[in-house]
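Dear colleague,

Please find below the sequence and the structure that I am handing over to you. My account of what was found follows directly after them.

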Amino acid sequence: DGFKQINELHGHGAGDRVLVQVAQRLSECVRQSDVVGRLGADEFIVVAEPLGDDEEAAGRARRGLDALAPGVATGGRQVQVSATLGISMASGAIDADALIREADVAVIEAKRLGGARYLFCDDELRGRIASRSVVERGLAAAIENDELVLYVQDLVDARSEAPRSMEALVRWVDPEVGLVPPNDFIPIAEASDLIIALDR
């Protein structure tokens, strides 16, 4: 968490030393049969198999978080670090890419909840992500098909009734379901690149 700030505050050399120490700490808190790797930038992956159940996976996640809690020394100073973990468990025929994707989804949701924690990618989260994906695809099509309507609302001084400013509001009128509430699509647009096209 916050790796960009470490680079900005302490320099990229310090950031590199932090990454090395995080990798060492993670490697020290897993079993010999587990694999620790760096996916890129500030992302690591731990492949732990076999695991008995969710509780065992949660215990391993807590060990990882605890290993980072003391902070790391770099350039003569102690830097506090924390991590946000996403956990996906293989059940049945699931490939490695799908497992990584599910863990990534759990990380994103855990960060949305404040970070410095672990979260499982469970059926409820999968369902939310699937419905979010449907809205995302629908919104992309709505932008392309000009299904968005712009409303301009005056903001008026209550005492003098003089106009103070104006506010632009976008509404999505889906041909099949009608008016889509802004709370159903604005946060999804903000979490993706669609917000740029929506603003345009």
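**Helices and the sheet**

Helix α5 lies across β7 and β8, and its direction makes about 110 degrees with that of β8. Helix α6 also packs on the sheet, where it touches β8 and β9 and runs at about 95 degrees to β8. Please keep in mind throughout that this is a predicted model.

The sheet itself is open and consists of three strands, in the order β7-β8-β9, with antiparallel pairing. Which strands stand at the edges? They are β7 and β9; each has a single partner strand, so one side of each is left without a neighbour in the sheet. On average, neighbouring strands of this sheet are turned by 40 degrees against each other, if direction is ignored.

The pairing can be followed strand by strand. Strand β7 covers residues 148-156 and strand β8 covers residues 163-174; they run antiparallel and are joined by nine bridges. If you wish to locate this pairing in the viewer, look for V149, which stands opposite R171 in β8. The two strands β7 and β8 form a hairpin with six residues between them. In that turn, E161 has a positive phi of about 60 degrees.

On to the next pair: β8 is joined by three bridges to strand β9, residues 178-180, and these two strands also run antiparallel. Here W172 stands opposite V180 in β9. How many residues lie between β8 and β9 in their hairpin? There are three residues between them.

**How the two helices meet**

Helix α5 comprises residues 123-144 and helix α6 comprises residues 182-190. Their axes are 10 Å apart, and the helices pack at an angle of about 85 degrees. Angles of 65 to 115 degrees count as roughly perpendicular, and α5 and α6 are therefore roughly perpendicular to each other. On the side of α5, the contact is made by R132, V135, E136 and L139; on the side of α6, by D184, F185, I188 and A189. These residues divide into five nonpolar, no polar and three charged.

**The chain as a whole**

The chain has seven helices and nine strands. Why is the chain described as more spread out than a compact globule? Its radius of gyration is 22 Å, well over the 16 Å that the globule rule gives for 200 residues, so the chain is more spread out than such a globule. Taken along the principal axes, the box filled by its C-alpha atoms is roughly 65 × 50 × 30 Å. Of the 200 residues, 28% count as buried. When contacts between residues at least 6 apart in sequence are considered, 44% of them join residues at least 24 apart.

Most residues other than glycine have a negative phi, and most peptide bonds are trans. Several places in this model may be read against that background.

The loop between β1 and β2 contains A41, whose phi is near 45 degrees, a positive value in a residue other than glycine. D42 lies in that loop as well, between β1 (35-40) and β2 (43-47). Apart from its neighbours within four places in sequence, D42 is in contact with F3 and L19. The C-alpha atom of D42 is separated by 16 Å from that of V105, which is 63 residues away along the chain.

Further along, P50 has its place in the loop between β2 and α3 (54-68). The peptide bond that joins E49 and P50 is cis, with an omega of about -5 degrees.

Finally, A116 is found in the loop between α4 (96-112) and β6 (118-120). The phi of A116 is near 55 degrees, again a positive value in a residue other than glycine. A116 counts as partly exposed, at 45% relative accessibility.

With kind regards

Definitions and conventions:
Residues numbered from 1 in each chain as written. Predicted model: local features only at pLDDT ≥ 70, side-chain atom pairs only at ≥ 80, totals over all residues. Heavy atoms only, no water. Helix = DSSP H or I, 4+ residues; strand = E, 2+ residues; numbered from the N terminus. Contact = heavy atoms within 4.5 Å. Axes fitted to C-alpha atoms, helices over the stretch in contact; angles between N-to-C directions. Parallel < 35°, antiparallel > 145°, perpendicular 65-115°, else oblique. Nonpolar A, V, L, I, M, F, W, Y, C, P; charged D, E, K, R; others polar. Pairing = 2+ DSSP bridges. Rg over C-alpha atoms; globule rule 2.2 N^0.38 Å. Buried < 20%, exposed > 50% of the residue type's maximum accessible area, 1.4 Å probe, protein only.
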